[in-house]
Amino acid sequence: MSAQIEIANASKVFGTGASAVSALDDISATVPEGQFLCLLGPSGWGKSTLLNAVAGFTPLSAGQIRMGGRPVTEPGPDRGMVFQEYALFPWMNVEDNVRFGLDIQGVPRADATVTVDRIVATLGLSDFRKRYPKDLSGGMRQRVAIARILALDPPVMLMDEPFGALDALTRRTLQDELLRIWSEYRKTVIFVTHSIEEAIYLADRILVMTYRPGRIKRDLTVDIPRPRDTASGEFNALKRELAGLVMAEQQRFTSAELHGAAVD
Amino acid sequence: MHRLRGAIVPLALLVLWEILSRAGVFSPIVLPPPSAVAVKWYSGLLPGLPYDPATESYWHWVFSGEMPHDAIASLGRVIMGFCVGAGLAVPAGLLLGTSDRLYGLFNPLLQILRPIPPIAYIPLAIVWFGLGNPPALFLIALGTFFPVLVNTIAGVRQVDSIYIRAARNLGANSWTMFRRVILPAASPFVLAGMRIGIGTAFIVVIVAEMIAVSDGLGYRILEAREYMWSDKIIGGMLTIGILGLIIDGAMSRLNDHLLRWHRGLER
């Protein structure tokens, strides 16, 4: 099955009548196989809503999500999700967290162990295999969360502000790690962030979203060669351009928030 | 040093009590001196007959004293009643916690029954089960049932939806979800309920033994009252305290081991 994701006229309305909020309004985009796509926008435009729709958690009000031409109706391990809050199972140690998906898929124990060994080593977790999540730093936890979905080798990775809670240095390390994994395994990645710099550093393509109703404001391709130098002229030119777009939406969000509108 | 400091107050009280008792301030029936209690307690601990390898094994003889016999009887009742009560409460709680419909049906009844102390069931327990072990076990099981049930329901209902979403994303079916996500996520609550439950069971066993049976620590201190043996009453209370401490300590060790992954146990 192709790992191309098609978002076709996706709309999502929360609530009914006067209090109805349009989180997504007729969004269409095609994410080709192997593309690293960042969804960039301020808080409150429903970026998690769109990602959850692609993951199969949230049904759309109208429109359709298709993967490899087939409509998405439910969550599945072919679209591995990494959550901002890690969502590791605290009662399982690192190894068991990584193995869990393989257990679910009924992979024989010996084969699963081979996969776990490989993935754990790839993410530099070999020394932490028997630790429980509570004994790991935020960066380590997010490595485990990435390892957990990589174990199932999903063609698509969905990442909901995965590095949002990490300090700047850990964040950069994990961004590099993610790029390395992405180029090695050639996944399709949809990555939600509100950090302009993160989007430019990572993405092949950036969709700038508007605040409520959520629409695509700008669809642009980042063709700076990797590894990207965040201090370079072209990087900062792009950063300035995106900042203008994003801040306009952030101001709409802020004034809406001051007037008491609900936030996602 | 800190441990020693903690012993100052109890020791001072014991000395004061001993002095006042010996000085004849209280009659030995009202408050016997601690030394008398200790002697009585120790004599209850020892086997009544000399060891005879021909008739019994060594360990059987060691525990043949009146107090070990009573302590084992009480502990046996607590464990049996607890197993029955928790054994019914955990599955029931998992069911009510998972199904909103069942919860809606049974929760009002539960809220009415829950505040009735198990002790209030004593008359009914005797009417239903007569005297002897059955009413005692019924009361202990009842005392265990509600705390475990209520905690299990709460544990299942509060499972963080992020774990459910993560497991669904990995393709978990309902059975895997239940067994490997909901059950472990609820386990801190279930174990907390069990700890409360065994505490209640221990209170109930003493009361039940005062009424329905003819051995056990509860029976023994009531029997001692018939003869005004206050030293034996206090000695029995001491044993009850020690036994309770051992049970709670064991539960707490078990908790620490089973919940070694839990954030709340970070030290």
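Colleague: Is B:Ile116 buried or exposed?

Modeller: First off, this is a predicted model, where local features need pLDDT of at least 70, side-chain atom pairs count only at pLDDT 80 or more, and totals for chains, interfaces and linings use all residues. Residues are numbered from 1 along each chain as its sequence is written, while chains are lettered from A and ligands numbered from 1 in the order in which they are written. Buried takes 20 or more other C-beta atoms (placed from the backbone) within 10 Å of the residue's own, exposed takes 12 or fewer, and partly exposed is in between. B:Ile116 has 11 within 10 Å, so it is exposed.

Colleague: Where in chain B does B:Ile116 lie?

Modeller: Helices here are DSSP runs of H or I, at least four residues, numbered from the N terminus. B:Ile116 is 27 residues from B:Gly143 in sequence, yet their C-alphas are 9.9 Å apart in space. Its own spot is the loop between H5 (100-113) and H6 (122-129) of chain B.

Colleague: Which element gives the largest share of the side of chain B that touches chain A?

Modeller: Counting contacts as C-beta atoms, placed from the backbone, within 7 Å, 16 residues of chain B meet 20 of chain A. Two helices of chain B give two or more residues to that side, H8 (161-169) and H9 (174-211). The largest share, six residues, comes from H8(B).

Colleague: What ipTM does the predictor give the complex?

Modeller: The pTM is 0.85. The ipTM is 0.89.

How values were computed. Contact = placed C-beta atoms within 7 Å.
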